[in-house]
Amino acid sequence: MSDDLQNLGDMVNAILAQRIPTPELIRDQIDLVRRLYPDVTDEQAEQLARRFEHQHGVTMGLGSTLEDTGFEKWLESTRQNVNFCYWDRYRRLLGDKGFSGRVLANLDQLTDRTLGLLENPRKDGRWDRRGMVVGHVQSGKTANYIGLIAKAADVGYRVIIVIAGIHNNLRSQTQARVDEGFIGFDSSMLQSRRAGAQSIIGVGRYDSTRRPSAFTNTLRDFNRQTATGVGIPLENLNQPAVFVIKKNPSTLRNLLDWLKEHNARRGASSISSPMLLIDDEADNASINISKGQDEVSRINGQIRQLLDTFDRKCYVGYTATPFANIFIDPDSGDEMYGADLFPRNFIVSLEPPSNYFGPERVFLSDEGSNGEFWDSPVRYIDDSEDILPLRHKIDHQICALPRTLLDAIRAFVLSRAIRLERGHQGFHHSMLVNASRFTSVQSQLTAEIHGFVDTLRQHLRINGANSVPQAIRDPEIASLRSVFDAEYENSGVSWPQVQARLMESVSPVTVVEINSKSSGSLDYEGYNANGLSVIAVGGFSLSRGLTLEGLTISYFLRNSMMYDTLMQMGRWFGYRPGYEDLCRVWMPEEAEGWYAHIAESVEELRAEFRRMESVNATPQEFGLKVRSHPDTLVVTARNKMGSGEKRVVQIGLANQFAETSVLLRDKESVDGNRRAAKRLAQNLRAQGWAPEDGEAVSGGRLVKSAPASQVVEFLRAFRNHPQSSPLTASEPVIRHIEDRIETELAEWDIFFPGLSNASANSLIDQSLGIQIVCQRRAEGDQRSDDHTLYITNKARVSSRGVEAVGLSDNEREQAKKNFREETSPPRESDRLNYPDRVYRAVRKRPLLIVHLLAIGKDGEDLSGAEPVVAWSISFPETELKEKKTEYVVNTTWFRERFGAEEAEEEIGGDDD
């Protein structure tokens, strides 16, 4: 990009960041400023206008808020007396970084909302506010809390403490962002005694007259000796004191000791300065657990001691995991409300901007951010077992790389070449490889990947400049061409254009190992001029909070099934302006199923949050709702259950979808379940609800308003697997129905689904007295055994949209409308991929789906097979006071159902 064009873009962008731009305003401003740069062509000006249209067309909703009652609002009445100096310069910085005017306006409102939920720092006496902000993985939580810090400093908070994760690299990265967005000086130079060491950065370039006192820096965590050397008690500082510390027992102890020794008032053990504590990744290590590693509970206790050191304080935890144990740790509602770090005063749920590349878009949607349909970016790893098994030991030796990893590296080189052709020079470009928790294995992977990148360089140096026919005679260039054809043929860039850029693309690529035992680091700041092109290899250090700038390709081979761990490992979520279509994620097929399930569960909880806000629910009520969510069990079991221990879990079935994706496969059980389905059809027919007379839906039949007694009889006869999900355990489900059998669950819709068309390989069944072309489902190949059949690696039985069956046209349209209006501003696309929960929300009657399944691979001849029966139930929302359904599970059940959880910390070579 020419200097003139760059300067034109910077000037116009600064203007647009202060407004809500329209396409006309964008072009008017470009024409106006362009007079200073006559060498910029019409075509370049139009390309710039289109880029700004995309950038400034980004929108962001205001999210939802739950708060306690009786809190005295203070912000609006004091605003006129506040000089928002820190916030104003931070907003200018974000505008210059390309944040749209709309997003900045919403961020202003969001941070105002959260600030107003803190206590007035000028209020006398002792006070203590606890809250939480729930965001999305890699969605800009740091930008949000730096904005909150800036405004908190403006209104009078004098001590700011940010607890930034459990690893040095994340703490250092967070410190750098606080330096840039709040302090305005490079903290590593502020504490230097060298002349001229005070380097102005970020917001300091706009106004350096107000300088917060930094007690930590990018190179070093909190140090008592350095802090004492400042020589001024916190209460005597003219500007806020800032600490960015690691979530570590030693660091917390040192800070606590120093605060009490040097800053407490005479004759007291506490500090009167108003303090704001930001707990980043609040679900990680901050929670108090009844069983587990002592360090975790110790950190929890130290954070509470830190809060108690101040008379006036606010705690705000930031997390992307709504299933965090902070909601579910207490054993009762009363205990939960008074629990240590529970956000008893407020919870804010953030909406990501419309250009957020998140789990819903990756795993649930077929629509890109521009409203056009797109192909899934997920690719399956199906060739690693012989080289790098999913489960491996610390001394595992790697002698080669899986083909899928080689293709992922090729895609990384190709995607950068395409970005260069698109004019993305000077941008960071990253690839993530997270394939083992052991640092010894990570080191081997790093060496192997480095060797392969070197091989690519050699082949491209020798043959890359040849004509296309000559170049692709080289086997490595031919492999690159093959990956291009498979992944990027529709990128708008031709192979000859890409080939011409390949050497430029691969030359700067570095391979860096990121863990506690490596010397590597992701120094993006040092490469801002030309952009860093890096392949980062690691484990847990790459799984919590750390941002990989320009992340385009991810290779993820991990075994965890825990929701918070999986979601945090999703470093591939974030913002991908101008290259979203190039992003790819390689993972096992089973992992995709888990991510899809988690994404759906998280979206359900967020929808529940919005509903609870509309009725002025409190944080305690939301905490109880989370505890009763069926998926909470996955988190509860890990942290609350000792070996062999039984646990009673209360789960709400109202507004839930349950299906038997885990079945018994022995002949007696399979035959028995077919008899149960046949008996259901016969009983319905005898009572006047003949399936053959029901409504034809695709290839199936729907019976409406059938008596609940027939559903209960079918469920009692069905032979369920002991490892089944709590949602499908027979007795609790039957109890839930019988509690409401005289009221809201008295009448049921019963659906026997089938395919509309049959082929020569189709399984056709007539045992129910109707002809059913059986749905084909694959067998889960990861965990099925001689006694257990897992339906698909994604643990899904029903097709998407099945919960719309039985609804009227008006009800379906109302459900879609409700979904479009969930966010602010409302989504308008008629092509949205509507989740089933939106149909469930408008159901008047529950829906039982009785599946007759043909189990086999695509194309396999199943015409002579016997169908396997499974069921699904869509429970509508209850209008009664919900009585939770109790489940008793133990550790053995949990491990058989979900597999053993990886220990992220294991002495002798694990990651961090």
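## A buried lysine without a salt bridge

In this predicted model, Lys 313 is buried, yet it forms no salt bridge. The nearest side chain of opposite charge belongs to Asp 308, and it is 4.4 Å away.

What lies 2.9 Å from a polar atom of the Lys 313 side chain? The backbone oxygen of Phe 310 does. Lys 313 itself sits in strand β7, which covers residues 312-319. Setting aside residues up to four places away in sequence, Lys 313 touches Arg 126, Trp 127, Asp 128, Arg 129, Met 275, Leu 307 and Asp 308.

## Partners of β6

Strand β6 pairs with strand β3 (residues 159-164) in the parallel sense, over six bridges. Within this pairing, Asp 280 of β6 is the bridge partner of Ala 164.

Strand β6 also pairs with β7, the strand that holds Lys 313. That pairing is parallel too, and it runs over six bridges. Which residue of β7 is the bridge partner of Leu 277? It is Tyr 315.

## Another buried lysine

Lys 141 is in helix α7, which covers residues 141-155. Its relative accessibility is 9%, so it counts as buried. Leaving out neighbours within four places in sequence, Lys 141 is in contact with Gly 135, His 136, Tyr 318, Thr 319 and Ala 320.

## A buried leucine in a loop

Leu 582 lies in the loop between β15 (574-575) and β16 (584-587). Is Leu 582 buried or exposed? It is buried, because its relative accessible area is 0%.

Leu 582 and Tyr 488 are 94 residues apart along the chain, while their C-alpha atoms are separated by 7.2 Å. Not counting residues up to four places away in sequence, Leu 582 touches several residues, among them Tyr 488, Ser 491, Arg 419 and Ile 553.

Key:
Residues are numbered from 1 along each chain as its sequence is written. This is a predicted model: local features need pLDDT of at least 70, side-chain atom pairs count only at pLDDT 80 or more; totals for chains, interfaces and linings use all residues. Side-chain values use heavy atoms; hydrogens and water are left out. Helices (H or I, at least four residues) and strands (E, at least two) are DSSP runs, numbered from the N terminus. Buried means under 20% relative accessible area, exposed over 50%, partly exposed in between (1.4 Å probe, protein chains only). Contact means heavy atoms within 4.5 Å. Lys and Arg count as positive and Asp and Glu as negative; His and the chain ends are not counted. A salt bridge is a side-chain nitrogen of Lys or Arg within 4 Å of a carboxyl oxygen of Asp or Glu. A polar contact is a pair of N or O atoms within 3.5 Å; within protein, one must be able to donate a hydrogen and the other to accept it, and residues adjacent in sequence count only if both atoms are side-chain atoms. Two strands pair if DSSP finds at least two bridges between them.
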